[in-house]
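Dear colleague,

I am passing on the structure below, followed by notes on what was found in it. Please read the notes with the coordinates open beside you.

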Amino acid sequence: MPDIQTLRDSAVFPTVAARKAITLLGGLSALSLAAYAQAAPAFDSDSPWMLGDWNGTRTELAEKGYDFKLDYTGEMGSNLHGGYDHDRTARYSDQFGLGTHLDLQKILGWHDAEFQLTLTERSGNNISNDRINDPRVGGFTSAQEVWGRGQTTRLTQMWYQQKFFDQKLDIKAGRFGEGEDFNSFPCDFQNLAFCGSQVGNWAGGIWYNWPVSQWALRVKYHLTPELYAQIGAYEQNPSNLDRDNGFKLSGSGTQGTVLPVELVWTPKLNGLPGEYRAGYYYSSAKATDVYKDSNGQPAALSGQPYRSASSKHGVWLGVQQQLTSRASDHSRGLSVFANGTMHDKKTNAIDNYVQAGVVYKGLFDARSQDDIGFALARVHVNPAFRKNAEAINQAHAVFDYNDPSYLPPQDTEYSAELYYGVHVTHWLTVRPNLQYIRHPGGVDQVDDALIGGIKIQSSF
C-alpha cells in the first residue's frame with residue numbers, strides 16, 4: 001500500500017484538497033474572463049483548446065499533419081459517510097497528458113501512415129486507499145480512477161500505424177496498452193468500475209491499461225464497413241509497472257505474451273450509433289494458483305508453494321447503443337451500455353464482473369452539450385481466493401476482525417455512480433458525482449460508503 005497523505009478536517013471537503021480543485025477552477029474562470037475582456041481568442045468558449053489556435057498556427061500545423069495535445073484530468077473524492085475509516089477528509093489526484101499525432105501521409109507522403117507519441121504524469125492521493133477500503137486487503141474499484149499505476153511520469157504511447165488495401169487492413173506496432181484497442185470503453189465516470197477497459201481492472205497483473213505501455217503489435221481487418229476482427233500480441237512484463245521504469249524500453253523482465261482477440265460490430269440502428277464487442281485473452285506466462293499447492297491442498301495450511309499454471313485466460317463482452325435523439329440532432333439523446341468479464345478461477349482473484357448504465361446527452365435545451373450518467377456494477381471475488389484468506393487466518397490462529405494481523409476474506413462489492421457533466425466550454429467539462437459502494441473491497445464488516453466527487457477534464 002503506498003504512503004497516503006492524511007488530510008484531517010471536520011469539514012466534508014477539507015481545506016487542502018478543496019483548495020487545489022477550487023484554485024484550478026477559479027484560475028481558469030479568471031483567465032477566461034480576463035481573456036474575454038481583451039477579446040483574446042485563447043479562452044474562447046467555442047474553441048476546443050483553452051490556449052486557442054495560436055493565431056491560426058495550430059490549424060495550419062494540423063493541415064500539414066502535425067497535431068499537438070495537452071490534456072488535464074483532475075478528480076477529488078470525499079468520504080461523506082461510511083467506509084473503513086469514518087474520519088471525513090478529501091483527496092485529489094490528477095493527470096497531465098502531452099502528446100503529438102503525426103499524419104505521415106501529409107508529412108512524408110507515406111500513404112495511410114500515422115505516428116503517435118504521448119507522455120503522461122500522474123500525482124495525488126486516493127480516498128479509496130485508506131478511508132473507503134480496509135488497507136489490509138485493499139479494494140477492487142477506485143473512487144478516483146485517474147489515480148494508480150504509480151504516481152509518476154511515463155511514456156504512454158509511442159506507436160506507428162499503417163493501413164493497407166483501402167484501409168481494410170490496419171497494423172499498429174510500438175508501445176501502447178491493451179485497453180487502447182481491445183475491450184475499450186469511454187471514461188466519463190469517475191469510479192474505476194465504469195471507466196476504461198475493464199479486463200485491465202480485474203486482471204491487472206497481466207493486462208496493463210493506460211498510462212502503462214509495453215511493446216505490442218495489433219492487427220485489425222475490416223470484414224465489412226461495420227464489422228472488424230483484431231488480434232494483438234503484448235509484452236507481459238511486470239517491471240513496466242514500476243515507478244522508476246516509466247521510460248523503460250528494454251525487454252528485461254518479460255515473462256510472456258498476452259494475446260487478445262476481438263470481434264467488433266459498429267452498426268447504426270435507426271441512424272443511431274452502436275458498438276458491440278466480444279473478446280478473449282490468453283497469457284502465455286506462468287500463473288500462480290490463488291489457493292492450492294501442487295498436491296491440491298490449501299497452500300496456506302500445508303506451507304508448500306502455491307502451484308503453478310501454464311497460462312491464464314478470460315473473456316469479455318461490451319455493448320454501447322444510442323437509443324434516442326432530439327429531432328435531427330444525433331449528438332443528443334439516450335444511450336445505454338453494459339460490460340461483463342469472466343476470468344480464470346484457478347489464478348485470478350476476481351472470477352466475474354458485470355456493469356450497466358445509461359447516459360443522456362443534451363437533456364435540457366438550454367444545456368444541449370451537458371450529459372448525465374448513472375451506472376451500477378458488481379465485482380465478484382473468486383471463492384478460492386476467499387478460502388485462501390480464511391486458510392491464512394487459520395494458519396496464524398487469528399479470527400478476530402479487529403486484530404491487525406487478521407486478513408479479511410473478500411466476497412462481492414457493489415458500486416453505483418450518478419454524475420452530471422457541465423460543459424462549461426468546449427475545452428472544459430466539470431462532472432460532480434455521487435458514488436455509493438456496498439461492501440467496499442468485498443469485506444462485509446466495512447460499512448457501506450457514500451462518496452462525493454468532482455471530475456475536471458480540460459484540453460489546453
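In these notes a residue is called buried under 20% relative accessible area, exposed over 50%, and partly exposed in between, with a 1.4 Å probe and protein chains only. The model is a predicted one, in which local features need pLDDT of at least 70 and side-chain atom pairs count only at pLDDT 80 or more, while totals for chains, interfaces and linings use all residues. Residues are numbered from 1 along each chain as its sequence is written, and side-chain values use heavy atoms, with hydrogens and water left out.

I begin with the disulfide. A search of the whole structure finds one disulfide, a term that stands for a pair of cysteine sulfur atoms within 2.5 Å. It is formed by C187 and C195, whose sulfur atoms are 1.6 Å apart, and the link is left-handed, with -80 degrees about the S-S bond. C187 is partly exposed, at a relative accessible area of 24%, whereas C195 is buried at 6%.

Next come the backbone exceptions. Most residues other than glycine have a negative phi, and most peptide bonds are trans. The peptide bond from W210 to P211, however, is cis, with omega near 10 degrees. P211 sits in the loop between α5 (199–202) and β6 (214–224); helices (H or I, at least four residues) and strands (E, at least two) are DSSP runs, numbered from the N terminus. P211 is buried, with a relative accessible area of 1%, and, not counting residues up to four places away in sequence, it touches Q95, T120, R122, R149, R154, L155 and T156, where contact means heavy atoms within 4.5 Å.

D112, although not a glycine, has a positive phi of about 55 degrees; it lies in the loop between α3 (104–108) and β3 (113–124) and is buried, at 15% relative accessible area. D112 is also among the residues in contact with K163, together with H111, E114, L169 and D170, when neighbours of K163 within four places in sequence are left aside. K163 itself belongs to strand β4 (residues 153–164). A397, again not a glycine, has a positive phi of about 55 degrees, but A397 is in the loop between α7 (383–395) and β17 (412–425) and counts as exposed, at 56% relative accessibility.

R277, in strand β10, is buried, with a relative accessible area of 8%. Its side chain makes a polar contact of 2.7 Å with that of E262 and another of 3.0 Å with that of E275. A polar contact is a pair of N or O atoms within 3.5 Å, of which, within protein, one must be able to donate a hydrogen and the other to accept it, and residues adjacent in sequence count only if both atoms are side-chain atoms. Beyond four places in sequence, the residues in contact with R277 include D181, Y228 and W316.

Which strands each supply at least two residues of the lining of the second largest pocket? They are β10 (272–283), β13 (312–322), β14 (333–343) and β15 (350–361), and β14 gives the largest share, four residues. A pocket is an open set of points on a 1 Å grid over the protein atoms alone, where a 1.4 Å probe fits, with protein on both sides within 12 Å along at least five of seven lines, and lining residues have an atom within 4 Å of a point.

With kind regards
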